[in-house]
Amino acid sequence: MAAYSIVLSQKDFVHRDSLAYPFEERGLQFGDGVYEVIRIYQGSYYLLKEHVDRLFRSAEAIKLSLPFTKEEVTQLLVELLEKNDMENDGKVYLQATRGSVKRDHHFPEGIEANFYAYAEDLPRNKVALQEGVKTLTTRDVRWENCYIKSLNLLPNVMAKQEAKEQGCFEAILHIDGLVTECSSSNIYLIKDGKIYTFPATKRILHGCVRMRVEEFAHKLNIPFVEEAFTLEDIETADELFLTSSTTEIMPIVEVDGKQVSDGSPGPLTKQLHAAYEDDAKITAEDRVTQMA
Ligand code: PDD
């Protein structure tokens with residue numbers, strides 16, 4: 001199956017090999033654009049509306065006018081999967097940049113945004129979802145507007161690379177000891193039956209899965225407290241987990257070489273992940289949690 005061979009460029013579908021952007025592309029030269037990563041399970045989108053809504057919020061925040069309506073983007077994204085005969089678990093990456101124009105920091109009026117998206121296979125990381133992952137902590141040196149899903153990801157890239165070099169799955173970011181999120185995911189701490197996570201301010205990306213976690217918590221009667229926790233709090237946490245469209249609800253079992261609690265995924269994390277698998281309509285044989 002050839003997922004990823006047909007890409008969406010502006011409103012056209014073209015073969016990926018025929019796609020070429022000019023050197024003077026504001027996404028390349030300034031990181032002047034926004035993006036989304038959307039999960040696909042068995043050929044269907046999960047949380048598509050949430051991602052399209054956030055794309056438009058991010059674009060508005062950087063004064064980028066997209067060449068489509070939300071309905072058109074949605075329609076084009078659905079067509080993208082059809083054109084690729086996408087039937088597997090996967091993801092779509094989409095990116096909108098300010099366009100291609102002679103380099104100048106300010107943006108000229110009237111240039112058309114560049115828009116493209118591609119689909120690719122992405123199997124679920126079942127072993128990690130069952131066993132949990134190792135992480136490390138590092139300073140959050142990003143800008144103040146992390147709620148914009150902007151293309152300026154160098155600090156995120158450096159943090160994730162540091163994690164990789166230390167044999168970790170993810171880097172936990174903190175500002176003066178207050179934990180914000182991770183390099184490409186949101187993070188949550190469970191203590192005495194309550195979930196704590198950094199509030200949805202400008203300092204973090206408002207994750208689509210994070211929104212769902214809040215709903216699952218309400219349904220499961222687990223208090224969801226939007227209050228920052230500290231690096232010190234992690235030492236006495238009962239459970240810790242992270243979320244994103246690509247990683248689902250992933251247990252964290254180690255931080256900076258120290259076990260979280262007893263070093264295995266905790267019961268509330270498992271319950272939340274079971275709710276996720278229900279919501280995403282993961283088939284019985286593909287689940288890592290027991291059916292309720
Ligand atoms: N990242 N925080 C950051 C910094 C992220 O980059 C992401 C997603 C999230 C979680 O958002 P969501 O639940 O909407 O996926 C939080 C994507 C997966 C990426 O950049 O690849």
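A charge is taken to sit over a ring if NZ of Lys or CZ of Arg is within 6 Å of the ring centre and within 35 degrees of the ring normal. The model shown in these views is predicted.

**View 1. Charged side chains over the rings of Phe107 and Phe13.** The ring of Phe107 has the charged end of Arg98 over it, 3.6 Å from the ring centre.

**View 2. The aromatic pair of Tyr93 and Tyr118.** Seven aromatic pairs are counted in the model. In the pair of Tyr93 and Tyr118, the ring centres are 5.7 Å apart and the planes stand at 35 degrees, so the pair is classed as tilted. Tyr93 and Tyr118 are both buried.

**View 3. The aromatic cluster that includes Tyr35.** Tyr35 forms one aromatic cluster together with Tyr93 and Tyr118.

**View 4. A nonpolar surface patch made by Leu154, Val157 and Met158.** The patch formed by these three residues covers about 310 Å². Val157, one of its members, is located in helix H5, which spans residues 154-165. The relative accessibility of Val157 is 47%, and therefore this residue counts as partly exposed; the partly exposed class lies between the limits of 20% for buried and 50% for exposed residues.

Terms used:
Residues are numbered from 1 along each chain as its sequence is written. This is a predicted model: local features need pLDDT of at least 70, side-chain atom pairs count only at pLDDT 80 or more; totals for chains, interfaces and linings use all residues. Side-chain values use heavy atoms; hydrogens and water are left out. Patches are made of residues with over 30% relative accessible area and no salt bridge: like charges are joined within 9 Å, nonpolar side chains (Val, Leu, Ile, Met, Phe, Trp, Tyr) within 5 Å. Accessible areas come from the Shrake-Rupley method with a 1.4 Å probe; for residues, only the protein chains shown count as cover. A salt bridge is a side-chain nitrogen of Lys or Arg within 4 Å of a carboxyl oxygen of Asp or Glu. Helices (H or I, at least four residues) and strands (E, at least two) are DSSP runs, numbered from the N terminus. Buried means under 20% relative accessible area, exposed over 50%, partly exposed in between (1.4 Å probe, protein chains only). Rings of Phe, Tyr and Trp (its six-membered ring) pair if their centres lie within 6.5 Å; planes under 30 degrees apart count as stacked, over 60 as edge-to-face and the rest as tilted.
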